[in-house]
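Subject: Structure handover, salt bridges

Hello,

Here is the structure for you to look through. My notes on its charged pairs follow below it.

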Amino acid sequence: MQLLLAEDEQKTVEYLTKGLREDGHAVDAVGDGADALALALRNEFDAIILDVMLPGLDGWEVLKRLRAAGRATPVLFLTARDHVEDRVRGFDLGANDYLIKPFAFAELLARLRNLARLPKAMPESSLLAVGDLEIDTLRHRVCRAGQALQLTSKEYALLLLLARNKGRVMSRTVIAEAIWGMFHDQQSNTVDALVRRLRAKLDMPFESALLHAIRGTGYVLDA
Ligand code: CA
């Protein structure tokens, strides 16, 4: 997706830009409401992530002028405010969604996918299969080629995340957040070390590999 991020907190900008780019999105980031409006009117974005409290024009004013100019670009409000009246005001002005800080990065991605009306994930079953790998999510049992694998809870959590997203590259940011919690300030080698330990049990004893590294992006589980 082509995304416009309007946010003036530098740390949040860096975190979001990095994570969104890892997930394959193109991101233009601006820290001022007037710049955001100018860019949103000049370019066709798939979605705008809009902070409410911005210098120049606040998020509400940006949205109001954008809609007044006849632009229907989906807008997701990002804000620390959690008052109901703020949310109502945002929706009344034509916001499509609302996310309150602090939020989980995975939730932001899910909401962006929703805004873009991309296909949603299949309903969950308790049995997951990838090639000759089987995961029983009710009993937390993992088998490959009929052989039981003994995984630690972190290894299991990583395998489950990748299996539920079979064939889809998962970035280190998304993996770290899913395993260690939101806004985890991970060293990418923490994720890499966990992946190495999982591979030693999942792939090394077998002829074919299921867990693949995608250079510069992340990891994918696929037969
Ligand atoms: Ca702000």
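A salt bridge here is a side-chain nitrogen of Lys or Arg within 4 Å of a carboxyl oxygen of Asp or Glu. By this rule the count comes to 15 salt bridges. Please keep in mind that this is a predicted model.

Arg-71 and Glu-44 are joined by a salt bridge, with N to O at 3.3 Å. This pair links distant parts of the chain, 27 residues apart. Arg-71 sits in the loop between helix H3 (59–68) and strand S4 (75–79), while Glu-44 is in the loop between helix H2 (33–42) and strand S3 (47–51). Arg-71 is buried, as its relative accessible area is 17%, whereas Glu-44 is exposed at 61%.

Within helix H3, Lys-64 and Glu-61 lie 3 residues apart, about one turn of the helix. Their closest N and O atoms are 3.7 Å apart, and the two form a salt bridge. Lys-64 is partly exposed, with a relative accessible area of 43%; Glu-61 is also partly exposed, at 24%.

Arg-111 pairs with Asp-97 in a salt bridge whose closest N and O atoms are 2.8 Å apart. Here too distant parts of the chain are linked: Arg-111 belongs to helix H5 (residues 105–115) and Asp-97 to strand S5 (residues 97–100), 14 residues apart. Arg-111 counts as partly exposed at 25% relative accessibility, and Asp-97 as buried at 12%.

Regards

Key:
Residues numbered from 1 in each chain as written. Predicted model: local features only at pLDDT ≥ 70, side-chain atom pairs only at ≥ 80, totals over all residues. Heavy atoms only, no water. Helix = DSSP H or I, 4+ residues; strand = E, 2+ residues; numbered from the N terminus. Buried < 20%, exposed > 50% of the residue type's maximum accessible area, 1.4 Å probe, protein only.
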